Amino acid sequence: MAIQWFPGHMNKARKDVTERLKDIDVVIELLDARLPASSANPMLARMAKGKPRLMILNKQDLADPAITEQWLAWYRAKKQTEALGMDAGERAPAQRLIGACRALAPNRSGLEKPLRVLICGIPNVGKSTLINSMSSRKIAKTGNMPGVTKNEQRIILADDFELYDTPGMLWPKIEVEEGGYNLAASGAVGRNAMDEEEVALELLKYLLLHYRAELAARYKFDVEALDGMQDWQALELIGKRRGAVLSGGRINMQKAAEIVLTDFRDGQTGRITLERPAEWLEWEKRAKVLAAERAILREEKLKEKEGRKQGSR
């Protein structure tokens, strides 16, 4: 199953961002530290090409700290790019962010040349909460569902520092399949666009590979019992342990999936990151190969269809 979610207000946001970028000096992109590449918007990267960028790995207190360091180094190695890690509930982050933005655009300062910054991010990444903490007063709406912010906002953080907030925005087609599952697991995708059981199974598959100790601790398993266990077996066992049982002893897999996803999103499963830089490169490479193969198949079908039309004349 491919995860895709691009409701109408996101298309409007894309148009608004395109227009706003003409006057912007620095772009802040807020990422989920548990899925830094999956939550980086390739559409925004193309739109903001040539602009200095500050990548914020938000919710780093929920992510694997060793992997977060790998991702910070990954982004800092890119041209005109700085990267910072930030805790989900960090207080008074304004000075850190303002300082990083000024370093990226040192020629913009003073009332005559105010620094204009655009902040973007996927839905449910914590952007509104961050903006409220930066401004020291509640400006942006917050919520644990994607799509809370629907319109652009302008916030003055200093006399010569203007911050433009935009609605949470995905992109029309998620090419990397693993990235789609990671976005869904994080809560960035609306429930109507995914099969929660399938997403939970993909999440468990990764946890069984990289985070068996955390999985065992959360659900009171023996780590050794997880050796060779399949994702569906783990989901059944979690359902049984948490009372997600139907009549006749059958496991309510939907309820079990909701438990697994909620525990991950709330950080109850432990400090987990769902992708490493090397993994992402492999996933991206595979996605490009599959996209090329699909393009060839489409071309062949078009030629075949055209041949049938010619033959019937």
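Residues were classed as buried under 20% relative accessible area, exposed over 50% and partly exposed in between, with a 1.4 Å probe and protein chains only. The structure is a predicted model, in which local features need pLDDT of at least 70 and side-chain atom pairs count only at pLDDT 80 or more, whereas totals for chains, interfaces and linings use all residues. Residues are numbered from 1 along each chain as its sequence is written, and side-chain values use heavy atoms, with hydrogens and water left out.

A search of the whole structure identified 16 salt bridges, each defined as a side-chain nitrogen of Lys or Arg within 4 Å of a carboxyl oxygen of Asp or Glu. One of these joins Arg 116 to Asp 25, with the closest N and O atoms 3.4 Å apart. This pair links distant parts of the chain, 91 residues apart, since Arg 116 lies in strand S4 (residues 115-121) and Asp 25 in the loop between helix H1 (8-20) and strand S1 (26-32); helices (H or I, at least four residues) and strands (E, at least two) are DSSP runs, numbered from the N terminus. Arg 116 is partly exposed, at a relative accessible area of 23%, whereas Asp 25 is buried, at 13%. Both residues also belong, with Arg 108, to a network of salt bridges.

In a further salt bridge, between Arg 34 and Asp 32, the closest N and O atoms are 2.8 Å apart, and both residues are buried. Glu 162 and Arg 154 likewise form a salt bridge, with a closest N and O distance of 3.3 Å; here Glu 162 is buried, at 14% relative accessibility, while Arg 154 is exposed, at 51%.
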